[in-house]
Amino acid sequence: MADFFSPSNILVTGGCGFIGSNFVHYVVDHHPNVHVTVLDALTYAGNLKNIEGLPKDRVEFVHGNICDEELLNKIVPDHDAIVHYAAESHNDNSIMNPEPFVQTNVVGTFRLLEAARKYDVRYHHVSTDEVYGDLALDDPSRFTEETPYRPSSPYSSTKASSDLLVRAWYRTFGVRMTISNCSNNYGPYQHVEKFIPRQITNILDGIRPKLYGDGLNVRDWIHTEDHSSAVWTILTKGRLGETYLIGADGERNNIDVLRDILRVMGQPEDAFDKVKDRPGHDRRYAIDSTKLRTELGWKPVHTDFESGLEQTIDWYRNNRDWWEPAKAATEAKYRRNGQ
């Protein structure tokens, strides 16, 4: 294990997005001596409300793009670590228009790596299990750190590209880095275009939920707070140059998750419509997080999926003003695509 790394001033890219903002909340709540600078371009998926109310002496917001080299030269030197969450991440959007994914996920990562190299700043790269492609539904295996990359979509291929850049900058230039690849997150502050919040907010709006295809696609769900604690563990305890997979043994197929949501919200379990499937829709993701648990001693807290789901539903029920502004446009986009 590497020497324990104790950052005091971290730069979190994409800290107004879903997973990034939850990480910012986690650091503020659990590590009182750490100052956080949030760098976010505030695209449609970034929302300043996600970090609203956090103490100004602990959290500073910078509006900007990770591809802006001049801006990075100004702000990176004042930090001892970069935690890189910023990404275009929605598969459907990547199929309709791949270009922003190449720009943000590949070029943006390159710019951050160059800044980390120039100013010798520790770098943690947040990635996805989707870089590994998918597994057959009857395959008993799970993804490990040794699984070959086989990305399926423009989104996952650009994330795979960014991972490979990080590895190359470690080997060639000695950038002090770690990588984490995580399974599907759920929890508060997730955009209504994503599967779980889309179904929850449809029900809250009196709209029948929508299910892609046969609904048998399996995802490995993890509560976003567990993802945050894992990233912090890797940042502070992880071995440089290493990749760690983050998962909470939460495999569930989409139709079962939808039925769970319907049941918790007092609806009949068949009260949904099937819609056109996504092109190239991966069948199953599954994470083996043994390395993270045994090497670094991490373990998830939110191991009861239904309890975590109930908390998530309550959050959306109590925060209509957060999600309603984006809901109509999101559903209109899905309707145009027959979904």
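Select Asp 249, which lies in the loop between β11 (243–246) and β12 (251–253). The model on the screen is a predicted one. In this residue phi is near 55 degrees, a positive value although the residue is not glycine. Most residues other than glycine have a negative phi. Asp 249 has a relative accessible area of 47% and is partly exposed.

Next, select Leu 42, in the loop between β2 (35–40) and β3 (59–63). Here too phi is positive, near 55 degrees, in a residue other than glycine. The relative accessibility of Leu 42 is 28%, which makes this residue partly exposed.

Now display the strands as a cartoon. Seven of them form an open sheet with parallel pairing, in the order β3-β2-β1-β4-β5-β6-β11. At the edges stand β3 and β11, each of which pairs on one side only. From one strand to the next, the twist averages 20 degrees.

Turn to the pairing of β1 and β2, which run parallel and are joined by five bridges. Select Leu 11 and then Thr 37, the bridge partner of Leu 11 in β2.

Two helices may be shown with the sheet. Helix α4 (residues 99–119) packs on the sheet and touches β1, β4 and β5. The direction of α4 makes about 160 degrees with that of β5. Helix α7 (residues 224–237) also packs on the sheet, where its contacts are β1, β4, β5, β6 (177–182) and β11. The direction of α7 makes about 145 degrees with that of β5.

Move to strand β4 (residues 81–84) and show the side chains. Which residues point one way from this strand, and which the other way? Ala 81 and Val 83 point one way, Ile 82 and His 84 point the other way, and all are buried. Strand β1 (residues 9–13) pairs with β4 in the parallel sense over four bridges; select Thr 13 to find its bridge partner, His 84. Strand β5 (residues 122–128) likewise pairs with β4 in the parallel sense, over four bridges. In β5, Tyr 123 stands opposite Ile 82.

Finally, select the cysteines. How many disulfides are there? The count comes to zero. A disulfide is a covalent bond between the sulfur atoms of two cysteines. Cys 16 is buried, with a relative accessible area of 0%. Cys 182 is buried as well, at 3% relative accessibility.

Definitions and conventions. Residues numbered from 1 in each chain as written. Predicted model: local features only at pLDDT ≥ 70, side-chain atom pairs only at ≥ 80, totals over all residues. Heavy atoms only, no water. Disulfide = S-S within 2.5 Å. Buried < 20%, exposed > 50% of the residue type's maximum accessible area, 1.4 Å probe, protein only. Pairing = 2+ DSSP bridges. Axes fitted to C-alpha atoms, helices over the stretch in contact; angles between N-to-C directions. Contact = heavy atoms within 4.5 Å.
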